[in-house]
Amino acid sequence: MHELEWDSEHQAIFNWLEHPHPSCGLICARAGTGKTTTLVAAYKKLHSQGHSPLVLTFSNSGRDTFIKRCRSHFPELPPPQSYTFDGYALRVFAQHSGRSRLRPRRQRPDVLANLIDLAMNEAIGILNDSLLEDEVRIPSDSQSLAMLHQFIDDAKVSLSFNTPPFALWGELDEEEDEFDVDDALMRLGLSRQRYRLFKRFENARERLEFLAPGDAAFDLLREPEMIAKDLKQLGIRWVLVDEFHDTKPVHEQILRHMQAAGVRMLMVGDDAQDIYEWRGLTTFSAFKAWEAQSTPFGLSRSFRFGRPLDQIATRLIKPLGSPIEVRSKASHYTRPKLRKTEHEADASALLEDWQATGRSLSECAILVREADASKPIEDALFKAGIAYRMEGSRPYFLRQAALLCQALCYLASSTPIVHDSSDIDAFLALIQSPAWEISEEQISNFQKELISTDHENKPLYRLDWLPDAYAILKGLIPAPMAHLAFVRIKEEKVPLAQRLEELSEQLNLKPLVALTAPTARAAKARLHLLKTLIAELGNAGPAAYCKEGLKRRQRYQQFNKQRVVVSSVQQAKGREWAHVILPQLGDWVLRDSADAANERRHFYVAITRAREYLTLLANEQSLAQSPWLAEIGIK
């Protein structure tokens, strides 16, 4: 998009910038309409009026895109003051924390990461010590820690625990009514254990005096005078907000403090792309929170895709209640196609046809509803010899469920072999089971012995020590468990599938896998993956299973620029491809349900990633369960 393409919708925004009343403008811009480019043009206009606007975004990629667009379209302008909300909060604390309640020490990234893990491990240790023998212990392997850190960030972003009956800094029994807390947690769909973890982490963080990016915005809410002081010092009269549909309560409250400090605002986003309800926490719409006090604007013409996809997208989101439709250039066509097939996870034939036309696989993307449901797609691509890369997540054979099965394979093998670093990751995932009855300190010692770092802080795996680690584990655990895991698992008189089922039940692997899932839907997908992989191991046997897994890991690591992208819908936001393929239509709920609005937004994001072609793969059963397709015009 360039200046010659501004239409009456853009001109209305630019005219308002001359006389902004009320002092807040809210742009609802549909997919591909040039949201960021429009905001860049607004930045230029305000700069010509003598202002130096502050630019805030939800994500790092959004901030980087804004800066790149400024350089590309208007190289004569000075670099914008552009931050994520969390980055801005960190900057404010760095500049003005002398009188703040918190006086965090500035730390190198690696030291900060260690402090974050230290606080989380301290919180996990306290909680695990309080659990009963039959309760599942919270794991502390690297993958679980990442999931728990994500939960902490999500809780802060949504301000889930920032209002009564929750008391942030006190003990449960001292300051809170347990019945009120339980009712509130039930409404949020969270467990008491997760809430206790949140509080323990916050207590540890305050004691250790550090601010991670997700913590800073949360803490800044309690310092409105610091926000006002920073805006005055910088001479900020305007704030521009990109990705406004992703703005969550903690960021929205920061904007409220800025508005109270007297600044004007222009915010742009797409209310139909608000899909972060997948976080499983407080439902919130920034558009609804600000629409009553803002001048509304709309951008409806997409520069990404054409007809009839624009009409399909409009029909899809119409029940959501937003007045802004989707339109496109009359000469631009994006061809949606519904392909009926018995194997709705297999997109290999489509991709082979695409390559036969001389197009690159890197122009294609396969989008799945849940990342943890990607195994059938990955299997089909591997079988067809088509190179792919996962966007925003690991391939399924490197996720927790697969690593646990890889460790079971090692235990069940009569002659176990260490192949690569994933065998160490598998061992560390396995020892998180509470059934081993080993301490957090022993787990930490295993991690230190198996993985060290070089002078660049890159991990170094000691593959030669892994057999010793299994031998030490055998000596640490109770005798009955040692017999089951190291002796009975190898008894060939009993079917392997039965032995695997016995061991996985004794190790509580199912709760272990489900515990770190952000939503019930994700937990269901992870449990299904674990069940599938255990069945495959039981059918193939340890030797064949390990050989196949090694082959997949080696092929995936081979560098190939001609690779199709496999991504979840959440990770695809802000991206676009010439050809988008939506397999496994049965994973969607394209019919009226309790979660219909959220499903419409997810599907809208998925289909509007396509520039030229959109293909849906469905069998007869999934078609029968998806009446929305006919309603919106996909045939």
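## Ground rules

Residue numbers start from 1 along each chain as its sequence is written. Because the model is predicted, local features need pLDDT of at least 70 and side-chain atom pairs count only at pLDDT 80 or more, while totals for chains, interfaces and linings use all residues; side-chain values use heavy atoms, leaving out hydrogens and water.

## The sheet

Let's start with the strands. Six of them make an open, parallel sheet, in the order 3-2-4-5-1-6 (strands are DSSP runs of E, at least two residues, and helices runs of H or I, at least four, numbered from the N terminus; two strands pair if DSSP finds at least two bridges between them). At the edges sit strand 3 (81-84) and strand 6 (295-299), each pairing on one side only.

Five bridges link strand 1 (residues 24-29) to strand 5 (residues 264-269) in the parallel sense. Cys24 has Met265 in strand 5 as its bridge partner. Helix 1 (residues 8-18) packs on the sheet and touches strand 1, strand 4 (238-241), strand 5 and strand 6 (contact means heavy atoms within 4.5 Å).

## Two cores

Now for the nonpolar cores (sets of buried Ala, Val, Leu, Ile, Met, Phe, Trp, Tyr and Cys residues joined through side-chain atoms within 4.5 Å; buried means under 20% relative accessible area, with a 1.4 Å probe and protein chains only). The largest has 72 residues, and Phe427 and Trp436 have the most contacts inside it. Helix 17 (residues 400-412) gives the most, 11 residues.

Phe427 is in contact with residues including Ala407, Phe446 and Leu450, leaving aside neighbours within four places in sequence. Another core, of 66 residues, lies apart and has Cys24 and Met267 among its members.

Conventions:
Axes fitted to C-alpha atoms, helices over the stretch in contact; angles between N-to-C directions. Buried < 20%, exposed > 50% of the residue type's maximum accessible area, 1.4 Å probe, protein only.
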